[in-house]
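Hi,

Here is the structure I promised to pass on. My notes on it follow below.

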Amino acid sequence: MIQSVDNPKIKEIRKLVLAKYRKKERKFIVEGAHLVEEAKKIGVLLEAFSIDEKPGYTKVSEAVMKSISNTDSVVKEVGLCKYIEKNDLSQHILILDGIQDPGNMGTLLRSACAFGFKTLFISNSSVDIYNDKVIRASQGAIFKLNFIFGNPRDFISNLKGYKIYGTNVVLGKPLETIKKEEKLAIVLGNEGNGISKEVQDLNLDNIYISMENTESLNVAIAGSIIMYQLR
């Protein structure tokens, strides 16, 4: 049983709250029995911690558990995981260009999983998908997806055989007029500025969601609607 918050292993785990340390170690943590179990299913769980006696778990004190979790209430289980190493290309791809809000990112992961967009390309300017708020908002979807990271312009330029849609209220076509494609990619941009200029310059096929009495939707809601419509 680990009782001290100054235990070397616990101190290392606490550092994973920082994105730069997660990237360096290629590790992250998940909180709660559901997420620990999901991590275990796909083989990325390195070690599990619990305040209860459980086979296969390292027992820790409540003080230790509180020190390694990021929620206000004390969770009973935390898992130490390695990065997800899956980067296959699915038939439908979601490209995220500068998504900043963890809640939006997590919701988009959850919707992508639900509507068959199994591959996500994440730009370097987007929020870290291993952020604890992203993981919680994804409700375990993060463990059922493939991820590719880098420069979206380079990725799109080399993506062959896919119909690629951007979002543009002025230049786009109504979503309901777009036919479904066997292989397609959807690009969603930053919450405040939209798709970056360097990606817009690729001359994407733009679409928009027809609306009444409002000019725009939250990117997570808009993305979910588009993925549902074009799945």
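First, a term: buried means under 20% relative accessible area, exposed over 50%, and partly exposed in between, with a 1.4 Å probe and protein chains only. Because its relative accessibility is 1%, Ser138 counts as buried.

Before I go on, this is a predicted model, so local features need pLDDT of at least 70, side-chain atom pairs count only at pLDDT 80 or more, and totals for chains, interfaces and linings use all residues. Residues are numbered from 1 along each chain as its sequence is written, and side-chain values use heavy atoms, with hydrogens and water left out.

Ser138 sits in helix 6 (residues 132-138); helices are DSSP runs of H or I with at least four residues, strands are E runs of at least two, and both are numbered from the N terminus. Leaving aside residues up to four places away in sequence, Ser138 touches Gly106, Leu109 and Arg110 (contact: heavy atoms within 4.5 Å).

Now the pockets. A pocket is an open set of points on a 1 Å grid over the protein atoms alone, where a 1.4 Å probe fits, with protein on both sides within 12 Å along at least five of seven lines; lining residues have an atom within 4 Å of a point. The largest pocket is lined by 25 residues, and Thr167, Asn168, Val169, Gly194 and Ile195 lie nearest its centre. Strand 10 (184-189), strand 11 (205-208) and helix 9 (219-230) are the elements that each give two or more residues to that lining.

The second largest pocket has Lys23, Arg26, Tyr83 and Phe149 among its lining residues.

Cheers
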